[in-house]
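Subject: Structure handover

Hello,

Here is the structure I said I would pass on. Please look through it before reading the notes under it.

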Amino acid sequence: DWSSDVCSSDLSLTVFLIAWRSTGRALAGYVAVVVLLANPNLLYLQSSGMTEPLSIAVLCVQAYAMMRWVHRQSVGDLLLLAVITATGVSIRYDGWFVSVVITAIVIAVTLTQWRNEERATANGITVFAGSAFVMGLWFFYNWLIFGNPLEFQNGALAPATQAAELGTIGATKWHLVTSTYTYITAVYENLGPIVVGLGVVTIVWATVSRFHDSAIWALLVLGAAAAFNIVSLVLGQSTILTAYTEPPGNLNIRYGIQALPMVATACGLVVGATRGRILRRLIAVAIVLTIGAQTVLNVMQGPASIRTLAEATRDHATIQGAIDAANWYRDHRAPEDVGLSYTLATSESARFFMHGRTPIRSFVTENNAGIWKQAMEDPGKYVDWLVIPPTFPGRNDPVRGLLTNGELVTQTARFKRVEAVSGWVVVQVVPSAERSNWNTTVPVPAPKYLNVAPRPAAMLACRFACAFLNSCRKPFSMMFVSFRL
């Protein structure tokens, strides 16, 4: 969509600006843009609805704003950096870590240049205040919706919980070397072997040749996003599976693309830092030819070289199975039950929801907190259907655990029918005795979060406001961060 196009333009512009303004040579900026836009994985992500393109674009703006503040030391640049940093926090958890790194750099640079602790403290607070406010809003949002301010960290859909279910958390948790190796393999699969080698050389070269330049701080900010992925692996808060990990797989490989802006910027800085017009142009040509070699290799490998695309299409058979199962469910559900009957399923059945033409409020999932636990304990009392997706290695669907030879383990109800459709299992539940006495002319009460009374109008208004801001933050963020450049 147009917002992805804005992200792509913003990303190219800021990488160009970092390389050009730090070296004074436009050739450096052009080389950085070529390295950036020649990557097929980034180009594919630009066409998807993932948040990585927006996150990377804002990260590059943060790096440019940091370089600009270090060079000029103006209050306006510091405030711009603070706003951009808070914007990054609102997009992905990478931004949380980057905000801490940016705050630390601001304090360190202020202490080094001004030798004034009060000024350093004031600058640090100025930069981090907006980020802290956004973080507080996220905690409040989780408390408001789920009743747990740390739901994003320890809830049913938290990355750490999913990693534990997949059985991959033990391979990297508290293992720095293994976590670093895992992320490097993700970078390798996204950038390719030739570009990875080029990146190692240029990053070291740029760091040594421009150690006292403001551009080095921009390079450090760009590297913070990649470092965050290693930290999250060490803490057991993330999972990455590549062809080189144990176990091998294809999961979250796209995280490796976060290292691309740092490599592209380093290539531009190397070109710009080279003295002598002829030598500088020769190095620029060598870098472009190296990128061309990687492109030829990608073409020879075909679609398999776009690892992010392979990750996105690995569940194609599951998607078609979900459509088939949803069609069966829609055809065998009584028309009068639409919006009145409730279905127990995990969030893994999201594709089923989309194709079942049933209001999303009629599905009881892990997000429904208290009612989810009650429905798992006594399905016949709370739901009319069970939906169970196909099994795959490492994932045990909790709803599947209710089945034992066609009966509910809880023995509170039996089934009217059990239908297997393209690997999916759709089960119609016989209501329990308590529920069968309900007046069928009265709609079944909708499940409420934590099984409590409806919230006041003010809290509901807050929920609508959060949803609206979440829906428009992508285009708004890009328009806001671009107008000052």
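This is a predicted model: local features need pLDDT of at least 70, side-chain atom pairs count only at pLDDT 80 or more; totals for chains, interfaces and linings use all residues.

Residues are numbered from 1 along each chain as its sequence is written, and side-chain values use heavy atoms, with hydrogens and water left out.

Cores. A nonpolar core here is a set of buried Ala, Val, Leu, Ile, Met, Phe, Trp, Tyr and Cys residues joined through side-chain atoms within 4.5 Å. Buried means under 20% relative accessible area, exposed over 50%, and partly exposed in between (1.4 Å probe, protein chains only). The largest nonpolar core has 68 residues, and Met66, Tyr183 and Ile287 have the most contacts inside it. Helix H13 (residues 215-234) gives the most to this core, with 12 residues. Helices (H or I, at least four residues) and strands (E, at least two) are DSSP runs, numbered from the N terminus. A second, separate core has 15 residues, including Trp372, Met376, Leu386 and Leu402. Leaving out residues up to four places away in sequence, Ile287 touches Val31, Val35, Leu198, Cys267 and Val271; contact means heavy atoms within 4.5 Å.

Strands. In S7 (residues 424-429), 6 of the 6 residues are buried. Trp424, Val426 and Gln428 point one way from S7, and Val425, Val427 and Val429 the other way. S7 pairs with strand S3 (residues 385-388) in the antiparallel sense over 4 bridges, where pairing requires at least two bridges found by DSSP. Trp385 stands opposite Gln428 in S7.

Asparagine 41. This residue lies in helix H3 (residues 40-46). Asn41 is buried, with a relative accessible area of 0%. Its contacts, again without residues up to four places away in sequence, include Glu189, Asn190, Ile257 and Arg307.

Helix pair. H6 (residues 94-114) and H7 (residues 117-146) pack at an angle of about 170°, with their axes 7 Å apart. Axes are lines fitted to C-alpha atoms, for helices over the stretch in contact, and angles run from 0 to 180 degrees between N-to-C directions. H6 and H7 are therefore roughly antiparallel, a label for angles over 145 degrees. Among the residues that meet are Trp96 and Trp114 in H6, and Phe128 and Trp138 in H7.

Cysteines. The structure holds 0 disulfides, a disulfide being a pair of cysteine sulfur atoms within 2.5 Å. Cys60 is buried at 0% relative accessible area, and Cys267 is buried at 0%.

Regards

How values were computed:
Angles under 35 degrees count as roughly parallel, over 145 as roughly antiparallel, 65 to 115 as roughly perpendicular and the rest as oblique.
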